[in-house]
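Welcome, and please open the model in your viewer. We will go from charged pairs to rings and then to the core.

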Amino acid sequence: DEIGLIPCPEARYNRSPIVLVENKLGVESWCVKFLLPYVHNKLVLYRQRRQWLNKDELIDITCTLLLLNPDFTTAWNVRKELILSGTLNPLKDLHLGKLALTKFPKSPETWIHRRWVLQQLIQENSLPSLVTKGNLGAAPVERIHRLVQEEMNVCSEAAGRYPSNYNAWSHRIWVLQHLGKLTVKVLLDELSSTKYWVSMHVSDHSGFHYRQFLLKSLIGRTVTDSNVLVQNQIINEQNPSLQKEEESAGAEAACAEEQSVDLPRHLEEELELCTELIDSYPGHETLWCHSDETLNNSHHSPATSPMAQAMDVDGLNESSSKQGYTQETKRLKRAPMQDSFGPEVEYRFIDKVLSTCRDADQARFATAYRKWLVTFLGQ
Amino acid sequence: MHVGGEVDVRSAYCAASVASLTNILTPALFAGTAEWIARCQNWEGGIGGVPGMEAHGGYTFCGMAALVILKKEHLLNLRSLLRWVTSRQMCFEGGFQGRCNKLVDGCYSFWQAGLLPLLHRALHARGDTALSMERWMFHQLALQEYILLCCQCPAGGLLDKPGKSRDFYHTCYCLSGLAIAQHFGSGDLHHEVVLGGPENRLQATHPVYNITPEKVARAVMHFLQQPVPSLEPA
């Protein structure tokens, strides 16, 4: 489940350089300068049609090559050909990639190939063939769900192996967009499962950007679903005879369920998370940046914020202010929490930070944030 | 980037750069490209590899430069882009970081600082009257200090930051960034700011193509004189 290079400049004993301990594969470094050119040369000769290799040899050689250097695009491309010809199970490449990423967590070619493989797998969804060999069996929806979960794990591990791992987090977003279809459930699950991780990696801008992506997708989802709900209602009123009852009831129930995403609460929690982290870990620009944008989200989201009515600057707010007002009164009735969220709170927080912090960067960020608040909110 | 390869903002820039220099640029070739690039700009103000991704110096340069070539830079929110890129100059090191909360890196001397001439031009075209006529909107001397003092390898060549080893990529982009930092504008408006002695002075580089302006002119002239290839196969 993991590969690595064992620093060992000379072969002292006449034995294999491959070391396997507790499911972890190690290669003694002295052999690389012999092994890599050898396998590389063999593959290049094959590609130039000067030396034939059969399918098993190709699989072995590319596997070896990619574990030593996963950015060797040609090797991945040979495997693409093997997959397309039905000789290689695409799931094997997911496993190979995962292994390569334990040592090379950024490797762009590995992530790119991974997306190609996943695209193949989604297309194959309707065709049994190779898919049944990989024992994911099960119904397509369940299969996809498991693939998504596995990808989340792979991304998470790679993100932990290299700070601000752009490629890992980009892949994670891609998977949600293309495999996870950005359902509310997936978005909320990801929001809760990454909360601890980002708290342990407070400078990881990519991690926090991911949370912005989740929050914005949720906002987009809520707006779309409420629009769809309204449209459905209009259609129902106009053409009751055309409705298949089950379908419309199901769709409306789904919309209603998704409509009940408590966006204000999630945004509030996000802001609380930022505040906590900023307090505990002074001087991290990412946290301030994230805080900025979360407040921005809550201002512009039609379903949230008392500021929306007071300001009334957005066309968006104007058209949905009725809905916003209803949501807002519900919130007020639920608990006297309106004071815990808003510009006054932010100003108090900034003043507290400025008066107590001893970190120059922290003070700089706090001052900039205050300036932004003043400009942005005009208060 | 290549047949069967990944799709991101870099390839749009490569394509626009090549097509414009070789005079094969047509609206059909880039139909929808400008709008796609604009979608890569995110809430941070910078541009990511594909829509939805984190803002990143390299991709931001490629996106902006491609839009400049396509004459569609106004599809971007230039104000938030300006805010993002100027925040990327490190107040201690003087060099630029590639993304928020990351370390400085010599190559971003070009990818990030190189955005400011492009922005300057775009804002000027829009009639902005607050623009300087002598300097770009970043600290030119601080960047030059970072490159000259921290990014040189004693054996020759340039690098990311002290402690890293030299390579051609960093040599290219540290030098390109140095050229950007030394030269403001062109023609009548040209204004130089060279840190240290005259031996430090580099030739100006073209902010879109990153080759000298003379070479850009020669390339364009050369291809204008060639017959434009037809789309039909021979």
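A salt bridge here is a side-chain nitrogen of Lys or Arg within 4 Å of a carboxyl oxygen of Asp or Glu. By that rule, a search of the whole structure finds 25 salt bridges over all chains. This is a predicted model, in which local features need pLDDT of at least 70, side-chain atom pairs count only at pLDDT 80 or more, and totals for chains, interfaces and linings use all residues. Residues are numbered from 1 along each chain as its sequence is written, chains are lettered from A and ligands numbered from 1 in the order in which they are written, and side-chain values use heavy atoms, leaving out hydrogens and water.

Select Glu6(B) and Arg10(B): their side chains form a salt bridge, 3.1 Å from N to O. Glu6(B) is buried at 15% relative accessible area, while Arg10(B) is partly exposed at 29% (buried is under 20%, exposed over 50%, partly exposed in between; 1.4 Å probe, protein chains only).

Next, pick Lys80(A). Its charged end sits over the ring of Trp116(A), 5.6 Å from the ring centre (the rule asks for NZ of Lys or CZ of Arg within 6 Å of the centre and within 35 degrees of the ring normal).

Finally, show the largest nonpolar core, which has 131 residues: buried Ala, Val, Leu, Ile, Met, Phe, Trp, Tyr and Cys joined through side-chain atoms within 4.5 Å. Among those with the most contacts inside this core is Phe138(B). Click on Phe138(B) to find that it touches residues including Gln89(B), Phe96(B) and Ile180(B), not counting residues up to four places away in sequence (contact means heavy atoms within 4.5 Å).
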